[in-house]
Amino acid sequence: MSSSAILILMFGSLTIFMLTGLPIAFVLGGLSLLFTVTLWNESAVVVLVLQIFDAMKSEALLAIPLYILMACILQRSGIIEALYRAMELWFGRLRGGLAVGTVVICVIMAAMTGVVGAAVTAMGILALPEMLRRGYDPKLALGTICASGTLGILIPPSVLTIVYAVTAQISIGKMLIAGVVPGIILASLYILYILIASWLKPELAPAPKDIEHVPLIEKLRALKSLVLPAMLIVMILGSIFFGIATPTESAAVGVAGALLSAALARRVNIGMLREAGIDALKATAMIMWITIGAKAYVAIFTGLGGADTLLNFIRDLQVDRWVVLACMMLILIFLGTVLDEIGIILLTVPVFLPIVRLLGFDELWFGVLYAITIQMGYISPPFGYTLFYIKGTLPPHIGMNQVYRGIIPFFLLQGVGLLICALIPDVITYLPSLMVGK
């Protein structure tokens with residue numbers, strides 16, 4: 001069979017099986033074994049075994065369960081509730097203030113946990129009922145929560161960033177720090193949109209009427225809830241930026257900081273630790289199964305000549321390199337609606353990176369663009385993952401059609417952020433260039 005036929009067969013069969021709803025890890029693993037035996041030879045099955053062994057002994061991947069455990073502990077520590085109360089005091093009297101406060105909290109949560117589901121679910125439970133009670137347009141409230149919750153994909157310590165760096169074989173520390181400024185840019189775009197939309201259309205976020213004036217001293221006291229999150233963020237990002245610790249070591253520091261935060265809030269007990277540990281174990285096991293299946297699939301795809309065929313096809317195209325980049329971005333946005341981000345990275349990075357190198361683009365810069373496009377896929381209807389995270393928190397009178405309509409402005413804002421980062425590479429590469437011990 002020719003390499004072109006193998007390329008079509010492998011991508012075609014993967015697409016068909018993904019659409020069936022079967023677990024992606026087992027689809028990848030099963031197809032890898034099937035293609036190895038039928039298209040290669042039986043002795044090549046050892047390649048699959050070697051890929052499993054390579055994934056299991058990766059020291060860099062050790063950071064993933066640690067960051068997930070940190071997120072699980074923080075979810076149960078009471079910090080998020082305290083943060084929301086503080087943001088409510090500071091922004092509650094501002095038109096659109098609760099939505100602005102929600103964006104700020106999601107930025108802080110992203111910098112503490114790096115887990116999308118945690119932010120979206122928490123804000124759906126805490127912020128959504130309060131915004132609806134105060135007359136906010138449901139579409140604005142839902143769009144704010146869904147879009148802001150995805151900042152955990154970009155802002156470190158992002159699990160996605162670690163998987164990307166390991167797969168692309170570039171510095172994890174530099175990749176983590178590279179997402180800081182783009183993440184702040186996206187959050188700023190959201191806040192700017194909320195304030196302008198609320199000013200132009202007051203019915204989107206009515207001026208608060210039932211909120212009493214809170215003295216400045218009371219607002220300042222509420223900021224004590226920011227102390228522990230700020231310390232945790234500095235411990236993690238600061239240790240990476242200044243070369244004090246590796247990303248894996250900083251993940252361990254983060255777990256210790258999360259435990260300290262929970263202890264100070266008097267939330268530490270055997271039951272809480274057991275629940276956090278089980279949740280972290282489940283998430284880590286899912287990621288590892290996907291990692292093993294994807295590494296095996298890509299190894300077989302490369303071994304059968306699929307990667308070389310794709311590169312030759314791109315090389316022979318008579319189009320501008322930016323057109324090729326735009327096509328890759330569109331593919332990633334589409335995949336974000338049907339796959340989780342870990343599966344997307346492990347499947348596409350080994351295929352896309354040789355193309356990126358061939359076209360002369362920077363791998364670090366491409367990695368951040370990659371993360372933004374996955375964010376866009378995460379809120380794209382009808383199957384974006386974030387839309388289903390928020391679905392479980394919706395009151396009975398709000399349907400998914402309002403969620404779909406609410407995310408459209410924020411999807412466009414993410415597109416603007418993508419263009420800014422693409423056209424001004426320094427917003428991505430400047431901070432990593434300052435890192436100590438880079």
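Colleague: Which residues do ring pairs link into a cluster?
Modeller: Y164, F366 and Y370 are linked into a cluster by ring pairs. Bear in mind that this is a predicted model.

Colleague: How many aromatic pairs does the count come to?
Modeller: Eight aromatic pairs. One of them is F366 with Y370: the ring centres are 5.7 Å apart and the planes sit at 75 degrees, so that pair is edge-to-face.

Colleague: Where do F366 and Y370 lie?
Modeller: Both are in helix α19, residues 363-378. They are four residues apart, about one turn of the helix.

Colleague: Is F366 buried or exposed?
Modeller: Buried, because its relative accessibility is 0% and the cut-off for buried is under 20%. Y370 is also at 0% and counts as buried.

Colleague: What about F361 and W365, how are their planes set?
Modeller: The planes are at 35 degrees, with ring centres 5.3 Å apart, so the pair is tilted. F361 and W365 are both buried.

Colleague: Switching to charges. How many salt bridges does a search of the whole structure find?
Modeller: Two. E363 forms one with R357, and the closest N and O atoms are 2.6 Å apart. K139 forms one with D137, where the closest N and O atoms are 3.4 Å apart.

Colleague: And K139, what is its relative accessible area?
Modeller: K139 has 24%, so it is partly exposed.

Colleague: New topic, the surface. Which residues make the nonpolar patch?
Modeller: W90, L216, I217 and L220 make a nonpolar surface patch of about 380 Å².

Colleague: Which helix gives the largest share of that patch?
Modeller: Helix α12, residues 216-222, with three residues. I217 lies in this helix.

Colleague: Last one, helix α21. Where does the kink lie?
Modeller: The kink in α21 is at I408, shortly before the proline P409. The angle is about 35 degrees.

Colleague: What span should helix α21 have, and how far apart are its end C-alpha atoms?
Modeller: The helix has 24 residues, 400-423, and at 1.5 Å a residue they should span 34 Å. The end C-alpha atoms are 35 Å apart, which agrees.

Methods
Residues are numbered from 1 along each chain as its sequence is written. This is a predicted model: local features need pLDDT of at least 70, side-chain atom pairs count only at pLDDT 80 or more; totals for chains, interfaces and linings use all residues. Side-chain values use heavy atoms; hydrogens and water are left out. Patches are made of residues with over 30% relative accessible area and no salt bridge: like charges are joined within 9 Å, nonpolar side chains (Val, Leu, Ile, Met, Phe, Trp, Tyr) within 5 Å. Accessible areas come from the Shrake-Rupley method with a 1.4 Å probe; for residues, only the protein chains shown count as cover. A salt bridge is a side-chain nitrogen of Lys or Arg within 4 Å of a carboxyl oxygen of Asp or Glu. Helices (H or I, at least four residues) and strands (E, at least two) are DSSP runs, numbered from the N terminus. Buried means under 20% relative accessible area, exposed over 50%, partly exposed in between (1.4 Å probe, protein chains only). The expected span of a helix is 1.5 Å times one less than its number of residues. The bend at a residue is the angle between axes fitted to the seven residues ending there and the seven starting there. Rings of Phe, Tyr and Trp (its six-membered ring) pair if their centres lie within 6.5 Å; planes under 30 degrees apart count as stacked, over 60 as edge-to-face and the rest as tilted.
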